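Here are a few notes to read alongside the model. Have the viewer open and click along as you go.

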Amino acid sequence: MNRVAITGTGIFTPDEVVTNAELVASYNEYARRQNEEHADEIASGSRDPLPMSSEEFILKASGIERRHVMDKSGVIDPSRMMPKLRPRPDDEISIMAEIAVDAAKQALEQAGRTAADIDGVICAASNHERAYPAIAVEIQHALGIKGFGFDMNVACSSATFGIQAAADMIRSGSARAILMVNPEITSGHQEWRDRDCHFIFGDVCTAVVMERVEGNEDGWEILSTRLATEFSNNIRNNNGFLRRTHDQMGERRDMQFMQEGRKVFRQVVPMVADLMLSHLAEQDLQPSDLSRMWLHQANKNMNDLIGQKVLGREPTREEQPNVLQDYANTSSAGSIIAFSKFSGDLPSGSLGIICSFGAGYSVGSVIVRRM
Ligand code: CO8
């Protein structure tokens with residue numbers, strides 16, 4: 001078996017930022033208008049008024065302070081409440097491929113590699129903007145990479161599942177180097193009109209270069225990966241290609257992100273901690289051997305609890321860095337942003353774990369060591 005390492009990462013961060021204050025102001029104005037429009041039904045008891053959102057709740061319940069989005073004006077417009085993205089003709093690069101190419105170029109540069117060194121592209125994300133051709137193949141074409149590309153989707157765990165897929169190919173020798181990208185335009189899928197979840201997500205794209213290593217090149221060797229899934233309807237989206245066959249093309253809440261947030265919190269935390277602990281034990285490692293944990297970025301309280309269960313004590317901010325205060329939940333990209341921004345300072349020999357979790361349910365754990 002070959003050895004495999006992460007040798008480069010890249011992040012595309014959209015310029016536009018929506019603060020909690022801006023988000024709550026636009027949602028509350030939307031709710032006020034809705035309640036005014038439906039005042040008679042609300043008065044007769046046939047309709048519930050929309051409740052107001054609050055900055056204090058968002059920060060306390062999630063730790064999120066702001067999020068980057070591809071289009072701010074549409075998101076905070078109370079008469080729209082979703083991004084407005086320009087439709088692109090088929091002969092123009094698609095928006096997911098465009099942001100992936102930006103992140104990929106950074107990752108390739110950090111790895112000291114060019115398109116000619118890469119054998120395949122995996123586009124691992126929780127939404128893909130079309131059914132086919134695969135976004136990965138478009139990215140491959142835009143970068144001039146030979147070989148192959150394919151898309152995959154395991155919601156928030158897409159990146160760690162993508163890392164395992166790439167690492168297995170490199171270990172077995174079917175590829176020498178793989179580029180994996182995670183373009184997450186969550187703002188297109190988020191329900192900005194639902195107070196219970198309107199604050200959760202943000203847009204970003206991450207990229208990871210993985211390659212065969214022989215000596216002590218600079219990078220993070222992937223020592224082991226573990227994946228787990230368990231079916232749950234508590235995070236769900238029913239949009240899909242059969243929609244028109246159901247004669248259900250009208251506005252429907254379940255065409256956007258839906259969740260039972262509290263159940264997700266309760267059920268996913270133990271699942272994640274168990275997988276991380278059993279994965280470490282299988283590798284004859286102790287939690288105390290870890291210098292850092294780069295967790296999925298959905299909720300600060302959730303990460304604090306997972307860190308506590310794994311380490312048996314409260315992790316420090318250095319041991320378990322969060323980026324969700326600035327990015328919100330960026331689905332599959334979250335743990336990779338944390339890894340990319342907070343791994344460069346660790347010395348050779350340091351051990352760490354990248355762990356993602358989300359819809360499915362799905363959990364992915366990747367143990368890495370600084371070369
Ligand atoms: N402002 C003020 N009050 C609010 C608000 C708000 N914005 N929202 C809810 N409240 C109220 C509620 O109505 C409730 O009031 P009451 O007690 O009177 O009923 C009270 O506050 C408490 O509400 P919750 O119980 O819902 O609050 P929680 O403390 O549970 O916090 C969270 C809500 C933050 C959502 C929390 O449950 C959480 O983070 N859960 C885990 C979520 C998670 O990790 N989900 C994973 C989803 S991501 C994923 O898997 C990828 C999917 C694919 C990507 C999708 C792209 C869009």
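Predicted model: local features only at pLDDT ≥ 70, side-chain atom pairs only at ≥ 80, totals over all residues.

**Notes on the model**

1. Strand 6, which covers residues 177–184, runs antiparallel to strand 7, and eight bridges join the two.

2. Strand 7 has another partner to look at. Strand 1 (residues 3–12) is joined to strand 7 by nine bridges, again in an antiparallel arrangement. Here Arg3 stands opposite Val213 of strand 7.

3. How many of the 10 residues of strand 7 are buried? Nine of them are, so strand 7 (residues 204–213) is largely enclosed by the rest of the structure.

4. Now for the nonpolar packing. The largest nonpolar core has 46 residues, and those touching the most other members are Val272, Met276, Met293, Ile306 and Phe357. The elements giving two or more residues to this core are helix 1 (20–37), helix 8 (261–282), helix 9 (300–311), strand 11 (290–295), strand 12 (351–358) and strand 13 (362–370). Helix 8 gives the most, with nine residues.

5. Met293 deserves a click of its own. Setting aside neighbours within four places in sequence, Met293 is in contact with Met276, Gly307, Val310, Leu311, Glu319, Gln320, Pro321 and Ile353. There is also a second, separate core of 34 residues, with Val154, Met169, Ala175 and Ala333 among them.

6. Is helix 11 mostly enclosed or open? Six of the eight residues of helix 11 (residues 334–341) are buried, so the helix is largely enclosed by the rest of the structure. The buried ones are Gly334, Ser335, Ile336, Ile337, Ala338 and Phe339.

7. Last stop, the second largest pocket, with a volume of about 370 Å³. Its lining is made up of 17 residues, and Lys300, Arg317, Gln320, Pro321 and Asn322 lie nearest the centre. Gln320 and Pro321 are also on the contact list of Met293. Helix 9 and helix 10 (324–327) each supply at least two lining residues. Sorted by class, the lining of this pocket has seven charged, five polar and five nonpolar residues.

Methods
Residues numbered from 1 in each chain as written. Heavy atoms only, no water. Buried < 20%, exposed > 50% of the residue type's maximum accessible area, 1.4 Å probe, protein only. Helix = DSSP H or I, 4+ residues; strand = E, 2+ residues; numbered from the N terminus. Pairing = 2+ DSSP bridges. Core = buried A, V, L, I, M, F, W, Y, C linked by side-chain atoms within 4.5 Å. Contact = heavy atoms within 4.5 Å. 1 Å grid on protein atoms, 1.4 Å probe; cavity = no way out; pocket = protein on both sides within 12 Å on 5 of 7 lines; lining within 4 Å. Points joined across faces, edges and corners; volume = space filled by probe spheres on them. Nonpolar A, V, L, I, M, F, W, Y, C, P; charged D, E, K, R; others polar.
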